[in-house]
Amino acid sequence: MEKRYINKEGLSKWFSSILNAGKRVYAPVRYEKDEKVDFRQVLSLDEVADDYVQTTMSAKAAIFPRAEVLFKYKSEHKGEMTLEDFNPDNVPETVVWKMRPCDAAGFISLTDILNTGYEDLLYKTHLDKTTLVSFSCAKADDFCFCTSVQGGPGETRGSDIQLTMLPDGGAIAEIITEKGEALMKLSEDAFLLDNGEDKAKYLADVPVYFDIETLQGKLKDAFNSDIWKEQSERCLGCGACAYVCPTCACFSIEEDPHGTQGARLRCWDSCGFKMFTQHTSGHNPRAKQSQRWRQRILHKFSYMPDRVKDFGCTGCGRCSRACPADMNIREHLSSIVK
Amino acid sequence: MSKIEEKAVQMLGGDVKTVLGYEKGSKGTRPFFCHTTEDAAKLVYDENASTNLAAYLVKQEIKDEGKIGVCANTITLRAIAQLASENQIDMNSLALFTVLDEGKGDVKDFASVDDINAYLADKPLPDSEKYDNLDKKLEAMTSEERWTFWVNEFSRCIKCYACRAACPLCYCTRCITDVNRPQWINPWPSPMANMEWQVNRVMHMTGRCIGCGACQNACPVGIPIGYLSRKMLVDMSKEFGYIPGQAMKDGNSLSTFKPDDQENFIH
């Protein structure tokens, strides 16, 4: 990893050169009317929001879109079908600018899910063509718990480049991967020598709330525990938590037919929905909310680390912020560890 | 021992297995299912809580648990009265009470929908200022501007259906958006599908919505969807002569036929 310093003018110059290279840039933008901040395609650095803790949605959609066409089909003559497959060439080179370290780490979990054993062409294409520029966190709130799930406000896992903003408007730049290096090279002269600043000084303080290994251990025998019902009683069963999550990867396959032509899509889904596991026979293996909550927690904190090493949670706290019933995941996990 | 705790302890000593109310949470108060007399001390009353507790009472897995005590705030009472009028709640399976003077006063029991309606008579709908401000803004727009406003708002919709889950009156066991043969509404977010979903949601609520705003409070991306149902509620109550936020005694306006309807086309 290479460490450099980039000043305020340099940042602006580098950002312009990224846009000039024809890359699609997603960055956090503040909605006009309220305090919410979310990723949007931007055309200038002025559009990028400042001074917030977390975007409502994670950066997930940049690589794993909310809905994506797998292929299109058309039948012009009876019995004949033409197929238009997913074309990787149509996926633009993309930069996600100013994502949180927890969002960048989220792509490690997503890659585990979607690219272990079988390489998902759509996901892989987006991932290969996307460069992740994370900004370390100077601010955190009570919903943040990255340090409890192997992350941190300055964690670089998953990021291609990480910037730590300095009081002078410049930043410490850590160039982590080859992709990051290629992005830096678009404006290499903007990147000055390391000025010796220690980034630790500029990071938010995020307390460790629980020990993740203890949690994983406790979950091994927890399948039949009463805690699932106790914790999930107030869950309303909406999908907000899954949709704002940087690592949730459940999807459904949907059809968009129009007469003799149509498309098949992959769309985000949520294991919190009753319909998610409903069989055609009418049987539902997860008919109760408590069973669906158990699945959510065990998948992220037990099944995933067992199978692919990484946890399915980066402690971003979005699910807790978004939940209309205040299902605070950090509290729930802490109470399991206790 | 607080009055609410006292009441819960007394209920749990009888035929009530669970008292549903509120407890302190990480974002103000949150819904709380109290099963034991020890836990009753955690119960607090919150007149301004945004989660409408009635949303839980229509769930089969909660109904299956038997008689439930409910420490209801005003929006919850409104929804329970409406649900009872739609035969979705059996008042005999509930032990319903509230705490007067925004939680500072005495405990008041409700045995019937009439009791609820009498109590609600002088209670205003919540968030009227927020609603009026947006109403003024939207009424000043041309219809094209209004369309653009909503298309823009709905462009953020992620189809998480938190609005559906938080609404006590959205109780279909199979929602129209979950039907795929035929697929009435595309389940993925797109400008048209987002609009279709909200039009459907709001129209299904029209003449039934009690204006609690739970849909809007639940929306993680902050779309002012509560306004739409509220607007219909206000307009409908004028046209059909009912009190906004109170269940109609003789059935919902849009699903009830009357031979003496003032409109000729229906005869």
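The model is predicted: local features need pLDDT of at least 70 and side-chain atom pairs pLDDT 80 or more, while totals for chains, interfaces and linings use all residues. Residues are numbered from 1 along each chain as its sequence is written, and side-chain values use heavy atoms, without hydrogens and water.

Chain B brings 36 residues to the contact and chain A brings 40 residues, where contact means heavy atoms within 4.5 Å. About 3,000 Å² is buried between the two chains, with 56% of that area given by carbon and sulfur atoms; buried area is the accessible area (1.4 Å probe) that two parts lose on being put together, summed over both. Between chain B and chain A there are 4 salt bridges, each a side-chain nitrogen of Lys or Arg within 4 Å of a carboxyl oxygen of Asp or Glu. One salt bridge joins A:Asp326 to B:Arg30, with the closest N and O atoms 3.2 Å apart.

Over all chains, the structure holds 18 aromatic pairs. Rings of Phe, Tyr and Trp (its six-membered ring) pair if their centres lie within 6.5 Å; planes under 30 degrees apart count as stacked, over 60 as edge-to-face and the rest as tilted. A:Phe145 and A:Phe210 form a tilted pair, 6.1 Å centre to centre with 50° between the planes. A:Phe145 is buried at a relative accessible area of 1%, and A:Phe210 is buried at 5%; buried means under 20% relative accessible area (1.4 Å probe, protein chains only). One aromatic cluster is formed by A:Phe64, A:Tyr243, A:Trp268, A:Phe273, B:Tyr161 and B:Trp197.

Notes
Chains are lettered from A and ligands numbered from 1 in the order in which they are written. Buried means under 20% relative accessible area, exposed over 50%, partly exposed in between (1.4 Å probe, protein chains only).
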